[in-house]
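Let's take a walk through this fold, one feature at a time. Have the model open and follow along.

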Amino acid sequence: MIKEGKRFTQDLNNIFTPRSVAVVGVSTKGTKPQYGGINFVDALLHSDFNGNIYPVNPKGGEILGLKVHPSLKDIPEPLDYVICSIPSLQIPQLIQDCIVKKVNAVSIYTGGFSESGTKGGKQLEEKISSLARQNGIRIIGPNCLGIYCPKVGLSFTRNLSKESGSVAAICQSGGNSNYLIAEGAKRGIRFSKVISYGNACDVNESDLIEYLAGDQDTEIILAYIEGVEDGRRFHQVLKEAAKVKPVIVLKGGVGEAGARVTVSHTGSLAGSDKVWDGLLRQVGA
């Protein structure tokens, strides 16, 4: 889909400072952490998230010591941030519920959107991003892990470092996000924020780099990027960010095999290696 022009990033502050998080799509069949909703709840608990955590499943019940609510609308308190781990076709209704609850942001772990290469997947992604945008909700993803911000206890995996640092990273790949934090910790590197942003149907690499350039907790910006859709804006944002902080860009898909992987992974077109080299030299990244 074609991105809009320059987006304001002031509202991204709310994404990194939620007072409450709902995790939608938490299985109540067992309490052992695994992929999906229960993994996110477990990660928030182990990272000592300093707000309220609300698991959501239509069956209700209890999980990991927390009450499970049948829906977002059944949660009596205000909600800032929602992590989504439900089937893709159910997500438009979830966005409607988020509108009612005046949610600031939704991170969509679910796949099956533009990265699938299907017309239906692309149309569904456009539908949810348009609906959210019209109602002031920011979307991270879909097809992503979301946000790691140890300062407030946000995490997408248990046992990641609880210590904040001065490096921020954005990654289109969820796996690379996890690996980066874990391997960085072994080498004494701590992160202020790491954002796995997947398909970037709303919040994209330019939004995030622009935000991090002004983030007081961040001194170095690292980006793993598989592809961009608004090249002109990306060039300008990267240029401005590199004036104030070191910016390191890791480009995925520079080889033929890698290019095929990036298309299948997030639906991104890799672009020419020479063009990327030239761009980074021009902007000083």
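What volume does the second largest pocket have? About 300 Å³. Before going further, a word on the ground rules: this is a predicted model, with local features needing pLDDT of at least 70, side-chain atom pairs counting only at pLDDT 80 or more, and totals for chains, interfaces and linings using all residues. Residues are numbered from 1 along each chain as its sequence is written, and side-chain values use heavy atoms, with hydrogens and water left out.

Back to that pocket. It was found on a 1 Å grid over the protein atoms alone, where a pocket is an open set of points with protein on both sides within 12 Å along at least five of seven lines, and a lining residue has an atom within 4 Å of a point. A cavity, by contrast, is a set of points where a 1.4 Å probe fits but cannot get out. Grid points are joined across faces, edges and corners, and a volume is the space filled by probe spheres set on the points. Of the 17 residues lining the second largest pocket, V24, V56, P58, I86 and Q90 are the closest to its centre. Helix α3 (residues 91-101) gives the largest share of the lining, three residues. Helices here are DSSP runs (H or I, at least four residues), as are strands (E, at least two), numbered from the N terminus. Sorted by class, the pocket lining has nine nonpolar, seven polar and one charged residues; Ala, Val, Leu, Ile, Met, Phe, Trp, Tyr, Cys and Pro count as nonpolar, Asp, Glu, Lys and Arg as charged, and the others, Gly among them, as polar.

Next, look at α7 (residues 231-244), which packs against α6 (residues 205-213) at an angle of about 20°, the axes 9 Å apart. Axes are lines fitted to C-alpha atoms, for helices over the stretch in contact, and angles run from 0 to 180 degrees between N-to-C directions. The two helices are therefore roughly parallel (under 35 degrees; over 145 is roughly antiparallel, 65 to 115 roughly perpendicular, and the rest oblique). Where they meet (heavy atoms within 4.5 Å), α6 brings E205, S206, D207, I209, E210 and A213, while α7 brings R233, F234, V237, L238, A241 and V244.

On to α9 (residues 273-283), which packs with α7 at about 40°, again with axes 9 Å apart. This pair is therefore oblique. F234, H235, L238, K239 and A242 of α7 meet W276, L279, L280, Q282 and V283 of α9, a contact with seven nonpolar, two polar and one charged residues.

Finally, a few loops. K73 sits between β4 (66-67) and β5 and touches D97 and K101, leaving aside residues up to four places away in sequence. Between β7 (138-140) and β8 (146-148) you'll find P142, joined to G141 by a cis peptide bond with omega about -5°. D48, in the loop between α2 and β2 (52-56), has a positive phi of about 60° although it is not a glycine.
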